[in-house]
Amino acid sequence: MEICNACRYCEGYCSVFPAITRKKIFTDGDITQLANLCHNCRGCYYACQYTAPHEFDLNLPRALAAARAQSWERMVWPQALARLFQARGGAIATALVIASALMFLAIATLPGSGSGFYAWLGHGAMVAIFLPAFILPLVAVGVGLRRYWKEVDGGHLTLGAFLDAAISAGRMKNLSGGQGQGCNFEKGERYSDARRHAHQAVLYGFLLCFASTTSATILHYGFNAPAPYPFWSLPKLLGVAGGLLLVAGCLGLEILRRKADPQLGTPRRAAGERAFVLLLGYVGLSGLLLYAVRGTGLTGLLLALHLGGVLTFFLLTPYTKMAHGFFRLTALVQDAVARKHS
Ligand code: SF4
Ligand code: SF4
């Protein structure tokens, strides 16, 4: 950080460098904040004159990626689970999806009285399983974010700072590389916008799927209109569009990851990161397949496999890269607060 503060060559690349220039001495909290502002575009690595074989051997993307991963693992509860997922992410996610799907298949054998998907899993059982599975991980993430705010000395939170951060995250402004040229993620020194577009597809796909579930809940409780819904209904239109974007975005991220240089990424966390992207893509794909086979004999099996993926996704949220979204947004909020006071 001190070398960069003296050099300042990369000032226009992302929010990290302007934040560096606001400091003279760097505390642990400052490093945590800078690490969560970085999104590993790697532009500064390829621009830097102090990388190996220079004696400084600077590798800022990797150093910040390590500090970033350590910050989530340190702050979420329980910490051991976060570390375990990073090391054995694929095996844990697969085992949980299978176990959850078997549980849903077992529940489906009980007598039910609903129609559509509710004939397989009653509405009451759905709420009893998914409500705590949704809320408890969010509480764990909330505890982690509170610790984060304290560690980085976040300051007074304002609505303006939150809106500034939300707009920046929504537009993925920092993934533009400063002048709209994108990242150096998968092509070495060549710029590309592919990573920004893949991230946008995942973000908006996820938000559309969430909006689909929310609209179905409003129809169920507010308008006494329970599922199943026709294709030309809000829950279905939002859900299908969201599922397609989610699958496309996850596929894009996985292709890009294979081309990227692992020496510039998060040390020893590749398995966990990959498992998360595959899990998210699986949730989107199984949801689309479930819609495609509706009314056939495959519905029960696909429903169990899809719900198993969704439940696993919720339960693992605080320990996967999903936590990255929450911590990154919080880092952008803190950055907006700091800019206001600088
Ligand atoms: S990464 Fe290298 S080129 Fe960029 S500001 Fe730091 S020292 Fe300078
Ligand atoms: S890797 Fe990209 S986001 Fe991270 S500090 Fe370097 S230029 Fe900024």
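Analyst: Rings of Phe, Tyr and Trp (its six-membered ring) pair if their centres lie within 6.5 Å; planes under 30 degrees apart count as stacked, over 60 as edge-to-face and the rest as tilted. This is a predicted model, where local features need pLDDT of at least 70, side-chain atom pairs count only at pLDDT 80 or more, and totals for chains, interfaces and linings use all residues. Residues are numbered from 1 along each chain as its sequence is written, chains are lettered from A and ligands numbered from 1 in the order in which they are written, and side-chain values use heavy atoms, leaving out hydrogens and water.

User: How many aromatic pairs does this rule give?

Analyst: The test looks at ring centres. Applied here, the rule gives a count of 12 aromatic pairs.

User: What type of aromatic pair do Phe134 and Phe314 form?

Analyst: Check the two numbers. The centres of Phe134 and Phe314 are 5.4 Å apart, with 65° between the planes. That makes the pair edge-to-face.

User: How many residues apart in sequence are the parts that Phe134 and Phe314 tie together?

Analyst: Helices here are DSSP runs (H or I, at least four residues), numbered from the N terminus. Phe134 lies in helix H7 (residues 123–151) and Phe314 in helix H12. So the pair ties together parts separated in sequence by 180 residues.

User: Which of these counts as partly exposed, and which as buried: Phe134 and Phe314?

Analyst: Buried means under 20% relative accessible area, exposed over 50%, partly exposed in between (1.4 Å probe, protein chains only). Phe134 has 29% relative accessibility, so Phe134 counts as partly exposed. At 18%, the buried residue is Phe314.

User: Are the rings of Phe276 and Phe313 stacked or edge-to-face?

Analyst: Their centres are 6.2 Å apart. Their planes meet at 25°, so the pair is stacked.

User: Which helices hold Phe276 and Phe313?

Analyst: The two residues are 37 apart, and their pair links distant parts of the chain. Phe276 is in helix H11, and Phe313 is in helix H12.

User: What is the relative accessibility of Phe276, and what is that of Phe313?

Analyst: Phe276 counts as buried because its relative accessibility is 9%. Phe313 counts as buried too, at 5%.

User: Which residues form one aromatic cluster?

Analyst: The residues of both pairs above belong to it. The cluster is made of Phe104, Phe130, Phe134, Phe206, Phe210, Phe276, Phe313 and Phe314.

User: Over which ring does Arg195 lie, and over which does the charged end of Arg294 sit?

Analyst: A charge sits over a ring if NZ of Lys or CZ of Arg is within 6 Å of the ring centre and within 35 degrees of the ring normal. Arg195 is 4.2 Å from the centre of its ring, that of Phe185. Arg294 has its charged end 4.2 Å from the ring centre of Tyr291.
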